[in-house]
Amino acid sequence: MPKIPVPSEPSSPNSESIDADSSSSKPHSTPRHRSPCRRKCMLPILGSLVGIFTLFSLSVGHYYNRRYMDEIFSKFGSATSLIQIQLQESKSSFFREDAKANLDPANKENESISRSQKDLNSRLINSGASTNDRNDLHRERLTHESAVFKSIIERVQWTEQQCVQTPDNQRNTLTKKLKVATDTPLLPEGGVASALQNWMQQHQDTKSPNDQTYPTCYLPPLKSCNVSTYTLIIMSHTTERLDAFMPQLESMVQTWPGLTEIIIVWNSPRTTLTSSAESAIDGKEKQYASQLLSWDSDPSHPLRIFFSLEEGLSNNLLNRYHPKLQPVNEAVMYFDDDGPFWSKEAMIDVGLELWKRNSNVQVGGFPRNVRFLSNRMKDAEKLGLQASIDLIVKDSVRGGMNDEYPNFTPICRNTTGDILEYNYFVFPDFAAHMLLPSGSFLHRNYLCFIWHPAFEELRQYVITHKTMPDDMTVSTLVSHLSGRAPRTFPREVEARQKRRLSTQVSITDVSYPGELAADDTLRSQHTDQSHRRLLWKQKNWGSMREEAINSIVGYFGSIHPGTVGWCAGTNLMKINHRGVPYVCRPEKPSLDLIPWLRKGGIGQSQC
């Protein structure tokens with residue numbers, strides 16, 4: 001409680017004269033001369049006491065009223081919440097702007113969506129859409145886009161310094177050179193820093209009128225433990241793929257708990273669907289096209305169609321990440337229109353639960369990795385990956401802070417001749433650097449960043465490159481926004497407990513690779529034969545993908561240490577002598593072997 005200053009009590013003229021007279025005159029023997037003095041002296045004293053009490057009461061009332069108003073404001077969106085760590089000069093800029101500031105009337109007029117009865121235009125582009133979310137937003141510290149951009153710029157500057165300081169004996173040691181596979185120029189090395197600096201300089205005080213239609217972006221919270229519903233997004237452009245996902249959707253709606261919204265991003269004209277529904281020769285194609293349109297027109301059905309061309313977008317793979325989709329749920333699940341589609345146990349029981357504990361990163365079950373060729377990058381990867389595993393084992397409450405997470409590995413293409421090899425033969429649990437979209441989760445806040453005007457150069461590269469590497473772009477961008485690697489989960493799980501393994505494996509016992517016996521190690525990780533053969537439909541596809549990953553990673557100047565497998569910190573984590581450092585065994589675990597689902601397991605207590 002603030003200390004209330006007590007004002008000094010002024011003496012009355014009468015009291016001064018009385019005191020003076022009493023000190024100079026002779027003492028009186030009769031008390032009747034004192035009673036007038038007492039009465040005259042008590043009146044100002046009582047008045048002063050009343051005044052002091054009044055001031056004290058007002059101060060106490062003001063103090064508790066201020067506390068009450070602060071609590072009220074914190075519940076209803078006031079920016080009075082205290083941040084725990086000062087990330088930039090202005091405290092107010094780190095909190096979500098008022099919901100009205102995130103909506104632009106002109107933008108809303110342009111966003112007419114086919115199902116008006118679902119009132120989609122009332123949703124916010126950014127993450128504060130629902131009433132339940134607003135309370136959560138002020139419990140978590142949401143980082144403003146300007147702080148995120150500054151952290152990326154600083155990482156690029158640090159990377160450039162590391163490249164310059166690389167010893168001469170570690171430069172240009174590779175015999176392999178980056179092969180030019182397309183006519184698309186490489187993105188400038190470290191170019192993201194210049195792009196962000198230019199954008200921030202132009203929008204230092206406020207956004208220009210040309211950018212008022214785009215909202216301010218905020219990073220998602222580190223965890224989203226209270227989330228129980230999710231949105232499924234599938235992008236397609238041809239009715240030939242309807243038979244691949246329509247039966248799956250019907251089953252999901254009936255059996256997957258928490259699936260409250262399905263968005264079909266349609267990258268072809270509406271007539272492609274309507275014509276097939278009316279006159280398709282193939283009976284199933286006609287049936288599925290008609291059923292899809294019927295679901296879209298039914299206000300009680302969770303599915304709606306987003307017609308990209310009618311929203312002013314082109315046929316672009318990045319459309320499935322566009323903020324105009326306005327998903328109602330924080331958790332967004334992705335599947336390709338041709339699958340593969342995984343089980344409810346893998347996606348909901350395992351994948352969604354992992355995402356809830358790591359909602360600030362991309363989470364998925366289709367990981368890809370790149371190979372580092374230089375010894376400098378290999379050594380940095382080993383150190384960074386082990387440090388990442390240690391963080392997972394600790395169940396760090398402060399997980400997600402950049403000062404705890406290991407440094408990204410610099411790639412110095414221009415200085416040292418570093419290049420990356422794209423590995424499309426395996427789906428490793430550990431040391432993966434990107435996720436394929438199918439079977440992945442992403443917080444809806446990242447949609448705002450992916451289409452942010454500051455990353456226009458990066459998006460143009462995706463559009464013009466022959467492989468249209470949206471998967472590489474999204475994984476790389478999200479990792480640099482969050483400052484962390486993606487998380488992976490097993491895409492195939494057994495619903496029932498495996499008796500043999502359950503008696504031999506202890507999830508709660510932490511077993512580090514250095515402590516494993518020789519017979520517990522694995523010689524190699526087998527090539528996953530289930531990956532789609534669409535890779536080979538274009539000549540030199542592998543070389544073109546390798547060019548793309550070098551260009552995109554080089555644009556940011558560094559790459560994260562690699563994913564930490566789902567079995568990290570348990571004795572299911574095995575040393576691998578060929579390829580990635582570690583693997584998880586068994587490849588298809590039962591639910592009781594998943595650490596964050598098991599009482600006392602690593603990550604279980606985080607939600």
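Let me begin with an open sheet of 3 strands, ordered S8-S6-S9 and paired antiparallel. Strands here are DSSP runs of E of at least two residues, helices are runs of H or I of at least four, and both are numbered from the N terminus; two strands pair if DSSP finds at least two bridges between them. This is a predicted model, in which local features need pLDDT of at least 70, side-chain atom pairs count only at pLDDT 80 or more, and totals for chains, interfaces and linings use all residues. Residues are numbered from 1 along each chain as its sequence is written, and side-chain values use heavy atoms, without hydrogens and water.

Strands S8 (420–423) and S9 (434–435) are the edges, each pairing on one side only. Strand S6, residues 367–372, is joined to S8 by 4 bridges, and the two run antiparallel. Within S8, Tyr 422 is the bridge partner of Val 370.

Helix H17, residues 541–556, packs on this sheet and touches S6, S8 and S9, contact meaning heavy atoms within 4.5 Å. The direction of H17 makes about 125 degrees with that of S8; axes are lines fitted to C-alpha atoms, for helices over the stretch in contact, and angles run from 0 to 180 degrees between N-to-C directions.

The axes of H15 (residues 470–482) and H17 come within 10 Å and cross at roughly 20 degrees. H15 is therefore roughly parallel to H17, a term for angles under 35 degrees. Among the residues that meet are Leu 477 and His 480 in H15, and Ile 549 and Phe 556 in H17.

Technical notes
Parallel < 35°, antiparallel > 145°, perpendicular 65-115°, else oblique.
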